[in-house]
Amino acid sequence: PTSQTFSISDSDKGNLLATIERAKNTYDIFIQLNRFSINGNLLSTQMPLNIRDTMLTGQIILTTSGQIAHDILYNMTGTTDITFNQGYIIGMSFDNFYASAPDITILNAEYALANALSSGQTQLKQMRLIGEYSNGNFITTSPLQLSMRHTDAVGGLAITDGLMTAEFDLTMRGTAPKPATIQLSILPNG
């Protein structure tokens, strides 16, 4: 009557364990993920950055209250600590940048870099996301750590009223003996 636990275990899709505890009209939700597979995009297609076809490991702790489903969803707040493994980052194309490296010259380098920072997709090694969720809004509370095949990034991300903003310090390995950090700001329009 006051607690419910459910588990999903699938050798192909990974594991999810969720516990919901109720006290009158208040709910505490605890979710653990272990290599839980997500097929397709994680976020809406309007976001300038997205993650596709990835596996999640971590935990989500939420609190909410309400009498009906709308209230329960509207009042939801909590914290996340999730690691994304494999998959793709949509909105950056560093894989294409490195694949076309032999063709990059002084005349087209600026365009090649601008394209890598603004569109396409890149294979993801790992991303760690720690943050706070409140009624559809999300903000990182620790530096977001992102590792791609040729590029590493550290920064922050926020989704407010359905609009994403992000700030990253990128290091593109192999571009120089000591690669300079690129500061990248991503606005809701990409």
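**Contacts, burial and loops in a predicted chain**

Trainee: With which side chain does the side chain of S119 make a polar contact?

Mentor: The side chain of S119 has a polar partner at 3.0 Å. A polar contact is a pair of N or O atoms within 3.5 Å, where within protein one must be able to donate a hydrogen and the other to accept it, and where residues adjacent in sequence count only if both atoms are side-chain atoms. The partner is the side chain of N115.

Trainee: At what pLDDT do side-chain atom pairs count?

Mentor: Residues are numbered from 1 along each chain as its sequence is written, and side-chain values use heavy atoms, with hydrogens and water left out. The model is predicted, so totals for chains, interfaces and linings use all residues, whereas local features need pLDDT of at least 70 and side-chain atom pairs count only at pLDDT 80 or more.

Trainee: Where does S119 lie, and is this residue buried, partly exposed or exposed?

Mentor: S119 lies in the loop between α3 (109-116) and β7, where helices (H or I, at least four residues) and strands (E, at least two) are DSSP runs numbered from the N terminus. Buried means under 20% relative accessible area, exposed over 50% and partly exposed in between, with a 1.4 Å probe and protein chains only. S119 has a relative accessibility of 29%, and therefore counts as partly exposed.

Trainee: Which residues does S119 touch, not counting residues up to four places away in sequence?

Mentor: Contact means heavy atoms within 4.5 Å. The C-alpha atoms of S119 and I89, 30 residues apart along the chain, are separated by 10.0 Å. Beyond the sequence neighbours up to four places away, S119 touches G91, M92 and S93.

Trainee: Is N50 buried or exposed?

Mentor: N50 is found in strand β4 (residues 50-65), and, setting aside residues up to four places away in sequence, N50 touches residues including N41, S44, Y88 and I90. The relative accessible area of N50 is 5%, which means that the residue is buried.

Trainee: Which backbone nitrogen does the side chain of N50 reach at 2.9 Å?

Mentor: The side chain of N50 reaches two backbone nitrogens, that of L42 at 3.4 Å and that of a second residue at 2.9 Å. The backbone nitrogen at 2.9 Å belongs to L43.

Trainee: Q86 has a positive phi although it is not a glycine; what is the value of the positive phi of N135, also not a glycine?

Mentor: Q86, with a phi of about 60°, lies in the loop between β5 (77-85) and β6 (88-90), and counts as partly exposed because its relative accessibility is 47%. N135 is found in the loop between β7 (121-134) and β8 (137-140), and at 31% relative accessibility N135 likewise counts as partly exposed. The positive phi of N135 is about 50°.

Trainee: What percentage of the 190 residues in the chain is buried?

Mentor: The chain has three helices and 12 strands, and its C-alpha atoms fill a box of roughly 70 × 35 × 25 Å along the principal axes. Buried residues make up 35%.
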